[in-house]
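Trainee: I would like a close look at one chain of this model. Please start from the whole and then go down to single residues.

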Amino acid sequence: MWEVIKSVLAAFFGVQNERQRHRDFQHGKPVAFVAAGIALAVVLVVVVAAVAIVAAR
Amino acid sequence: MRKSLAWMMGAGSFLGLASSTLANGWNMPVGVTDVSREIYSLHMTIFWICVVIGIVVFGVMFYSLFRYRRSRGAKSANFHENTSVEVVWTAIPLLILVGMALPATATLKRMYDPSEAELDVMVTGQQWRWHYEYLGEDVSFTSSLSTPRSQVNGEEEKDENYLLDVDEPLVLPVGRKVRFLMTSDDVIHSWWVPDLAVKQDSIPGFVNENWVRIEEPGIYRGQCAELCGKDHAFMPIVVRAVEADEFDTWLAERQEAAAAEASGVDREWGMDELMERGEQVYGSICATCHQPDGSGAEPTFPALAGNEALLNDLDRHIDVVLNGVSGTPMAAYRGNLNPVELAAVITYERNAWGNESGDAVQPSEIQALLE
């Protein structure tokens, strides 16, 4: 679970190392990555909106 | 040593050239408002950030190309990834972008805050002129190009403000916050005056807001910045910024003149004064399409000189000028011109350039039709 989140975060940032990539492609389930991606995208939107609301005060 | 000195001199003369070029009118103007200065300094900050990044990136690249060339026995490295380098070169641009976005957003917020304005001006784009209305002050007028056609056609030398001159500039007070409400009667135009850092689309059916607080009296020129048809280049903007008390005097004079014009509706007008007034209105409003000599530009803009259909039907003529012709570029002028101007221009069109209808249309007749 933590490994999946770490990989998705790395994808958000745009940098992933070769070792983790191999591991993800051998062990991970695609559904887990898609779900984590959607969930973290929602988190990103909420965080950006919160920052914008605080900054606009 | 000598080499690096030459490099430094080269770089120095490049920077010197760059800044003198910037001062010579190639750069955007600093402008005469708080916001315009903020925009200018943002622009310069971002420009210099780009220059530094460019120098660093291309410097590293050219140095590497030169220092590690094959003729000196360089062997290419063969590795796939380096996570820490990748993290660094992703994080640095992210920080630079956020660093640029913060001041830019602060300025944008200021630009889009037209609250607490002391004067509201409705700006309406029309093909191809601007109409200004000082809301709640009973003053409104149309501002048309005043550069003579002879200069456009090359029969006369072009003057300094070629295509940047109007018959009636927009007069604004210095030191007061003025809110603009921008809209359009026909197609999308854009009201752009670089020195005021205002560039706002005027869109039919929408009212866009913008504002300005001018700090120095002066003449500021601009242009329509949204391609709007045949005479897009012929609808300049001139803003005359004056001291606040001078503005108040001007506004009072305009209000008096408007009141006098309104009272002119009730009296009987003579042919000569109608023709005189009509020629003025025709030159400022109608001549761009129907031509100063009434010859038009077929097929889009019909000739008015010798137009029998028009001359034989006064009611139709009045209807066309007041209400426009749908499906053609002919706009409705009932809202733009007052009854005196409408009566005068119709009279003029019926009696100029060899048209001899003899009709003198009275402002009171038009007034009755407008009600």
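Mentor: The model is predicted, so local features need pLDDT of at least 70, side-chain atom pairs count only at pLDDT 80 or more, and totals for chains, interfaces and linings use all residues. Residues are numbered from 1 along each chain as written, chains are lettered from A and ligands numbered from 1 in written order, and side-chain values use heavy atoms, without hydrogens or water.

The C-alpha trace of chain B spans about 95 × 45 × 40 Å along its principal axes.

Two further totals describe the chain. Of the 371 residues in chain B, 37% are buried (under 20% relative accessible area; exposed is over 50%, partly exposed in between, with a 1.4 Å probe and protein chains only). Among the contacts in chain B with a separation of 6 or more, 64% are between residues 24 or more positions apart (contact means heavy atoms within 4.5 Å).

Now go to the end of the chain, to a pair of helices. The axes of H9(B) and H10(B) come within 8 Å and cross at roughly 120° (axes are fitted to C-alpha atoms over the stretch in contact, and angles run from 0 to 180 degrees between N-to-C directions). H9(B) and H10(B) are therefore oblique to each other (under 35 degrees is roughly parallel, over 145 roughly antiparallel, 65 to 115 roughly perpendicular, the rest oblique). On the side of H9(B), the contact is made by B:Pro339, B:Val340, B:Leu342, B:Ala343 and B:Ile346. On the side of H10(B), the residues are B:Pro363, B:Ile366, B:Gln367 and B:Leu370. By class, this contact has eight nonpolar residues, one polar residue and no charged residues (Ala, Val, Leu, Ile, Met, Phe, Trp, Tyr, Cys and Pro are nonpolar; Asp, Glu, Lys and Arg are charged; the others, Gly among them, are polar).

Stay with H9(B) for a moment. B:Thr347 is found in this helix. At 0% relative accessibility, B:Thr347 counts as buried. Leaving aside neighbours within four places in sequence, B:Thr347 is in contact with B:Met271, B:Leu274 and B:Met275, and also with B:Asp359, B:Ala360 and B:Val361.

Phi of B:Trp353 is near 50°, a positive value in a residue other than glycine. B:Trp353 counts as partly exposed, at 24% relative accessibility.

Another residue with such a value is B:Leu163, whose phi is near 60°, again positive in a residue other than glycine. B:Leu163 is found in the loop between helix H4 (149-152) and strand S4 (170-173) of chain B. At 12% relative accessibility, B:Leu163 counts as buried, whereas B:Trp353 counts as partly exposed.

Two loops between strands complete the tour. In one of them, a cis peptide bond joins B:Gln127 and B:Trp128, with omega about 0°. B:Trp128 is found in the loop between strand S1 (119-126) and strand S2 (129-134) of chain B.

The other loop lies between strand S6 (189-193) and strand S7 (198-202) of chain B, and B:Ala197 is found in it. At 21% relative accessibility, B:Ala197 counts as partly exposed. Not counting residues up to four places away in sequence, B:Ala197 touches B:Ser36 and B:Ile39.

Definitions and conventions: Helices (H or I, at least four residues) and strands (E, at least two) are DSSP runs, numbered from the N terminus.
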